[in-house]
Amino acid sequence: QVQLVESGGGSVQAGGSLRLSCAVSQWTYCMGWFRQRPGKEREGVARITTGGTTGYSDSVKGRFTISRDNAEKTLSLQMNSLNPEDTGMYYCAAAPISAYSCALSSGYFRSWGQGNQVTVSS
């Protein structure tokens, strides 16, 4: 199985930036970041394939960037221009090792990080 250990998160003012990191025991073809905002269902925010193909939800396009550091085996999410609507619990995720498809959907993922709280104040 894939182990994912998250770090980062915290509280920032609106308009600020924050970077989330996820230490990955083993890469899979499809890696992603999800979040659950208060009163909302878990939603995908970004995903990336081994080949570097990325995808983002409409709400974060142009503000968030997902990346992979192969040498450090770290998945990252750079979040810029944060607003209060970005507040929530953020999770990194990995598709099964045997999977070779990728989409911004929780159905493709089976391994999850422990979660990190992100709070954006007005």
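Me: Which cysteine does a disulfide join to C22?
Reply: This is a predicted model in which local features need pLDDT of at least 70, side-chain atom pairs count only at pLDDT 80 or more, and totals for chains, interfaces and linings use all residues. Residues are numbered from 1 along each chain as its sequence is written, and side-chain values use heavy atoms, with hydrogens and water left out. A disulfide here is a pair of cysteine sulfur atoms within 2.5 Å. At an S to S distance of 2.2 Å, the partner of C22 is C92.

Me: How many residues apart in sequence are the parts that C22 and C92 tie together?
Reply: Strands are DSSP runs of E, at least two residues long, numbered from the N terminus. C22 lies in strand 3 (residues 18-24) and C92 in strand 9 (residues 88-94), so the parts tied together are apart in sequence by 70 residues.

Me: Where is C102, the partner of C30?
Reply: The disulfide between C30 and C102 has an S to S distance of 2.0 Å. C30 is in strand 4 (residues 30-36), 72 residues from C102, which sits in the loop between strand 9 and strand 10 (111-112).

Me: Is C102 buried or exposed?
Reply: Buried means under 20% relative accessible area, exposed over 50%, and partly exposed in between (1.4 Å probe, protein chains only). C102 has 18% relative accessibility, so C102 counts as buried.

Me: What pattern do the disulfides of the protein follow?
Reply: A search of the whole structure finds 2 disulfides. With bonded cysteines counted along the chain, the pattern is 1-3, 2-4.

Technical notes. Helix = DSSP H or I, 4+ residues; strand = E, 2+ residues; numbered from the N terminus.
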